Amino acid sequence: AIGIVAGSALLESCMKVEPVPVSMAEDNFSNPLNIPKIIQNPKNYVMNAKTTQAKITNKGTTEIMSYLENIPTGPLFRMQKGHEFSTSFKNNLDEHTNIHWHGLVIPANMDGHPENIIHPNESFEYRFNVNQRAGTYWYHPHPHEATARQTYMGLAGMLIVNDTEEATLNLPSGALEIPLIISDKRLSNNNLRYNPTMNEVMSGYMGETITVNGTAFPYTEVSSTTYRLRILNASNARIYNLAFTNNLPFTVIGSDGGLLENPAKMTSLLLGPAERVDILVDFSSLKINESVFLKSNTFPDGSKAQGKEEFNFMKFTVKTIVTENYQTPARLSTIEKLSMSSKTRTFKLQMKMGLKMSHQINNKLYSSTRIDETVKVGDIETWIFENKSDEPHPMHIHGLQFQVSERSSKRGILPHEKGWKDVVLLMPNETVKVTMKFPDNKGKYMVHCHNLEHEDDGMMLQFEIV
Ligand code: C2O
Ligand code: CU
């Protein structure tokens with residue numbers, strides 16, 4: 001009984017971790033936003049991961065891990081649907097790594113399975129056809145127990161797929177289309193540090209400095225028209241309640257797996273780790289030199305896990321007045337709805353006491369030698385994620401895109417969840433059902449929590465498509 005009491009006290013203390021407050025000390029937002037280098041249809045692109053120095057704030061440089069010179073944001077790959085992607089990837093780190101192409105429907109041996117690791121000074125050729133709809137995808141390392149640290153230290157980038165259906169819509173492009181990769185970092189004396197305490201392993205590691213495309217306190221100049229922002233939450237654990245100051249509304253046009261059927265006007269939305277949202281925002285109500293901030297609002301009522309705070313993290317200033325009037329298309333795409341299947345599997349998301357506290361799924365910790373679920377090519381299944389814990393869990397499935405079929409809480413299915421998704425955010429005590437059809441890619445894939453500390457802690461299972 002004493003053990004149980006001590007255990008629940010430990011449980012209590014683990015759950016009461018407050019998120020690291022976001023620093024607003026340097027709130028002048030004077031650092032120009034970095035725009036990742038764009039590589040079109042990479043063919044035999046030479047890429048490496050290495051340790052280097054970067055300037056994240058204007059106070060000097062810090063050591064990071066990088067896929068590109070001196071920038072903690074990898075190249076932005078732009079693929080035309082139907083093209084082959086190929087890169088020869090060299091590991092110049094002094095530890096093993098690999099790359100997971102998050103959201104892509106590709107063969108298992110290209111997916112960055114935690115067992116397919118690349119040792120220091122070795123290379124691997126990633127080569128696959130990109131045959132899925134236009135959307136905002138991304139990539140990051142996936143070696144078990146090092147995913148969180150390596151991603152946090154700067155190894156992450158965006159991969160955009162374009163297709164002809166999307167092209168006919170004439171969405172804002174060129175300078176009017178901005179990728180925004182959000183990641184919170186912890187900088188002590190300007191040094192990027194990944195050193196979570198035991199409690200932070202349990203809750204997730206958060207930083208006090210929010211970076212966008214690797215820049216802290218960024219600003220960008222815009223004209224008074226409609227922009228397309230492709231937003232990726234590349235943070236290890238932090239959830240943002242995205243909004244603009246002055247309650248400026250925005251229009252959601254896409255999610256993880258591409259365009260929604262219809263645009264949806266919103267003023268805020270929760271974006272969990274690894275989720276993407278594609279939005280249109282109209283700056284035409286702003287006067288010259290007027291600014292608006294991208295911010296995170298306090299959380300909607302009932303979510304006690306994080307975000308008692310509210311903070312700005314990126315500034316847009318209108319520098320040119322233009323008069324053209326952009327019209328958002330009334331309809332964006334067609335999404336064939338998958339009805340819920342009678343073939344279901346349940347995944348219980350738990351915090352369990354063992355030798356130490358750990359995050360588990362169905363009473364299991366990740367093991368590379370165990371296949372947890374076996375599914376068949378072409379089958380349609382509904383997976384049920386049950387979050388019985390007091391923490392949020394952004395659940396991700398590799399190798400496919402799914403549809404959110406049901407959420408138990410009164411939040412229901414949100415407007416930006418009505419398209420294709422590969423991550424779904426479960427707030428405490430929610431149950432969410434997702435429906436998917438298994439693609440013709442046989443092999444082993446992962447299902448896991450994308451709070452990267454939870455994932456490295458073992459909150460990950462393996463399924464095999466046969
Ligand atoms: Cu972006 Cu297995 O994750
Ligand atoms: Cu989790």
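Which side chain meets glutamate 84 in a salt bridge? It is lysine 43, at 3.7 Å, N to O. Keep in mind that this is a predicted model.

The pair links distant parts of the chain. Glutamate 84 sits in strand E6, residues 84-91. Lysine 43 is in the loop between strand E2 and strand E3, and the two residues are 41 apart. Glutamate 84 is partly exposed, at 27% relative accessible area. Lysine 43 is exposed, at 57%.

Now a buried pair. Lysine 421 makes a salt bridge with aspartate 256, with 3.2 Å between the closest N and O atoms. Lysine 421 is in the loop between strands E30 and E31, and aspartate 256 in the loop between E19 and E20, so the pair ties together parts 165 residues apart in sequence. Lysine 421 has 1% relative accessibility, so it counts as buried, the limit being under 20%. Aspartate 256 is buried too, at 0%.

The count is 30 salt bridges. There is also a network of them, linking Arg78, Glu166, Glu177, Arg228, Arg230 and Asp278.

Next, the metal. What coordinates the copper ion, ligand 2? His393 through ND1, Cys449 through SG and His454 through ND1, at 2.0 to 2.1 Å. The donor spacing reads H-x55-C-x4-H. Histidine 393 lies in strand E29 and cysteine 449 in strand E33, so this pair ties together parts 56 residues apart in sequence. Histidine 393 is buried, at 0% relative accessibility. Cysteine 449 is buried, also with 0%.

Last, a sheet. Seven strands form an open sheet with mixed pairing, in the order E15-E14-E11-E17-E22-E19-E20. E15 and E20 are the edge strands. Strands E17 and E22 run antiparallel, joined by seven bridges. Threonine 226 stands opposite aspartate 282 in E22.

Notes: Residues numbered from 1 in each chain as written. Chains lettered and ligands numbered in written order. Predicted model: local features only at pLDDT ≥ 70, side-chain atom pairs only at ≥ 80, totals over all residues. Heavy atoms only, no water. Pairing = 2+ DSSP bridges. Helix = DSSP H or I, 4+ residues; strand = E, 2+ residues; numbered from the N terminus. Donors = N, O, S within 2.8 Å, 3.2 Å for Na, K, Ca; no water. Buried < 20%, exposed > 50% of the residue type's maximum accessible area, 1.4 Å probe, protein only. Salt bridge = Lys/Arg side-chain N within 4 Å of Asp/Glu carboxyl O.
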